[in-house]
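Work through the exercises below with the model open. Try each task before reading its solution.

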Amino acid sequence: MNLSTKLTGGLGACVGVAALASVTLSGAWHPSGSQDGIQVGETAAYQFRSAPTNARGIRNLEDLRGRPVLIDFWGTR
Amino acid sequence: MPSAVKLAKEYGDDLQVILVEVQGATAEDAERFAWGKGWMGGPAIWTTERPMNSGINGIPHYVLLGNDGTVLSKGYSVADKSKVEDLIEEQVKDAGDAPEDAPKSLRKAYEAFAEGDYEKAIATCEKAIEKGDDANAAQNLIDDFVLRMERRMQFIGRMLDDGFAIEAQARFETFEDGAEDVPRVADSLATLRERFESDGFEAELEAQEALEKALKGAYEDGIDEKTAKKLRKVAEDHAGTVNAGRAEHLATMVTE
């Protein structure tokens, strides 16, 4: 492989990494498909992979229809 | 104490609070943290799984779902505290109401169902069908009511699976009062009733009562070594029950 090819390959890799970083940092790609997350008016649906602590039978959000659900995102640090 | 935890204790079954730890703690560490802070003991449930992408950075933040599962509001928990409380109060007040576009002939059916009088709810729909009033809507509503009753029974069954024998029994007794004369759910009701009449259920009830006795004071003060010792004794005395497993697990939640 000559120097020109190496440089081109290296540059290509850098561009690829930069593109990935920009996509991740900008939030344009997101598991839910939406940068802004779930929107007001949308219906939430989720099946828990493991039973939550104190689940009392709750396994998915649909189990909770008929009453309001407050989902609070918090942290231990 | 986070306002969400307070709201869970204040509203009981009328509101479900789900606390989601999002800073990478394990479920066990998050639970131990909550025990240490005196946040346990209410009906809130705890998880490290995000049930949705909120689209919000920074914590604490929230997503509030209405009675129909749609997002009513989302934002920062502290800033939106009053707004959230007002919205919850509205939803609790409206729970069980007929949808705005529900036919007049079926409104009482929705009310009866919300009150747990399932026989009356279905009878109201059947009367509408006989009269020819909104027959399609009435039939669809019967099907929906039956589905919801089946789901409620499955939910009570899972409460038993999780070891919450006391709560499951209370829910079942209320449910059975309103459902025992509904032929469409008779088989499922009988199957569920058998679980409550079994020796296994009695054992689970005793174990949960012993567990709650061992936990007295721990909800406010956390689990110390003395409580952990009582919990291990519960696990030993009631071996083979789901609550023995719960007791063993809780004995590892010692917070200093």
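Predicted model: local features only at pLDDT ≥ 70, side-chain atom pairs only at ≥ 80, totals over all residues.

**Exercise 1. The interface**

Solution: 
- Step 1. Look for strand pairing between the chains. Strand β1 of chain A (residues 69–74) runs parallel to strand β1 of chain B (residues 16–21), with six bridges joining the pair.
- Step 2. Pick out one bridge: A:Asp72 has B:Leu19 as its partner in β1(B).

**Exercise 2. B:Ser54**

Task: Locate B:Ser54 in chain B. Is B:Ser54 buried or exposed, and why?

Solution: 
- Step 1. Count neighbours: B:Ser54 has 21 C-beta neighbours inside 10 Å.
- Step 2. Apply the cut-off: burial takes 20 or more, so B:Ser54 is buried.
- Step 3. List contacts beyond four places in sequence. In chain A they are A:Gly37, A:Ile38 and A:Phe73; in chain B they are B:His61, B:Val63 and B:Lys74.
- Step 4. Check a distance: 27 Å lies between the C-alpha atoms of B:Ser54 and B:Gly38, 16 residues apart along the chain.

**Exercise 3. Domains of chain B**

Task: State the domain bounds of chain B, then the separation of domain 1 and domain 2.

Solution: 
- Step 1. Read the domain assignment: domain 1 covers 3–94, domain 2 covers 104–197 and domain 3 covers 201–250.
- Step 2. Take centres over C-alpha atoms: those of domain 1 and domain 2 of chain B are 29 Å apart.

Notes: Residues numbered from 1 in each chain as written. Chains lettered and ligands numbered in written order. Pairing = 2+ DSSP bridges. Helix = DSSP H or I, 4+ residues; strand = E, 2+ residues; numbered from the N terminus. Buried ≥ 20, exposed ≤ 12 C-beta atoms within 10 Å, placed from the backbone. Contact = placed C-beta atoms within 7 Å. Domains from an automatic or database assignment.
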